[in-house]
Amino acid sequence: MSNKIDIKTLKALQQGSHKAFEEVFITYYGKTKAFIYGYIKSCPDAEELTEDLFVNLWINRHSIDISKSFDSFLHTIARNSAINFLKHKYVEDTYLNNIQKQECSSTSEEDLIAKELGLLIDDTVEKMPEQRKKIYILSRNEGLSNEEIAAQLNTTKRNVESQLSLALKEIRKTISYFFLSLL
């Protein structure tokens, strides 16, 4: 960034001259944005940081030291903005990666528990009396209604309901023991 703004313009800026601010903005906006982009490699973010920089320059215009190089002053602010942005982004990315790792590990753990529970339920169904096992499989795996199961197995609807109730009771008991063992 080269020094194109004279002391007179900087004094006017300090005193709140919109015209002086406009001159500074027009002179330095493009260079400042390009400089910040060189650090962060994101055009929209560089644009936003540059705009924020100039907003803060206007807000803090009284603190501009006109005895020192305005180019160096602006350069330092732009560099610090870019570095702060990158630090924030690093922290944010690290946090998101940690969250994703936790979700993945918990998903793996949940998958393992679900698989184990599924095997336990299958084992419980296998140990049921033959009629109950058939009724449960036709109901849950085949999706048949109680009436259809009764017709297919030559039994009453009431018997199907009773056997399903007993099967579900056994499965609930197995699931309860499983979850108690996890504690």
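Tyr28 and Phe70 are both buried, where buried denotes under 20% relative accessible area, exposed over 50% and partly exposed in between, for a 1.4 Å probe and protein chains only. The structure is a predicted model, in which local features need pLDDT of at least 70 and side-chain atom pairs count only at pLDDT 80 or more, whereas totals for chains, interfaces and linings use all residues. Residues are numbered from 1 along each chain as its sequence is written, and side-chain values use heavy atoms, with hydrogens and water left out.

A search of the whole structure gave 10 aromatic pairs. Rings of Phe, Tyr and Trp (its six-membered ring) are paired if their centres lie within 6.5 Å; planes under 30 degrees apart are classed as stacked, over 60 as edge-to-face and the rest as tilted. For Phe25 and Phe54, the ring centres are 5.0 Å apart and the planes meet at 70°, so this pair is edge-to-face. The two residues are 29 apart in the chain, Phe25 in helix α2 (residues 18-40) and Phe54 in helix α3 (residues 43-59); helices (H or I, at least four residues) and strands (E, at least two) are DSSP runs numbered from the N terminus. Phe25 is partly exposed at 29% relative accessibility, whereas Phe54 is buried at 1%. The rings of Tyr28 and Phe70, with centres 5.4 Å apart and planes at 65°, likewise form an edge-to-face pair. Because Tyr28 belongs to helix α2 and Phe70 to helix α4 (residues 70-126), this pair ties together parts 42 residues apart in sequence.

Ring pairs also join Phe21, Phe25, Tyr29, Phe54 and Trp58 into a cluster. Over the face of Trp58 lies Arg61, 4.0 Å from the ring centre; the criterion is NZ of Lys or CZ of Arg within 6 Å of the ring centre and within 35 degrees of the ring normal.

In helix α4, Thr124 is buried, with a relative accessible area of 11%. A polar atom of the Thr124 side chain lies 2.9 Å from the backbone oxygen of Leu120. Apart from neighbours within four places in sequence, Thr124 is in contact (heavy atoms within 4.5 Å) with Glu170, Ile171 and Thr174.

In helix α1 (residues 7-14), the buried residues are Thr9, Leu10, Leu13 and Gln14. Viewed down the axis of α1, these residues fall within an arc of 140° and therefore line one face of the helix, the arc being that of the directions from the helix axis to the C-beta atoms. Gly16, which follows α1, has a positive phi, near 95°.

How values were computed
A polar contact is a pair of N or O atoms within 3.5 Å; within protein, one must be able to donate a hydrogen and the other to accept it, and residues adjacent in sequence count only if both atoms are side-chain atoms.
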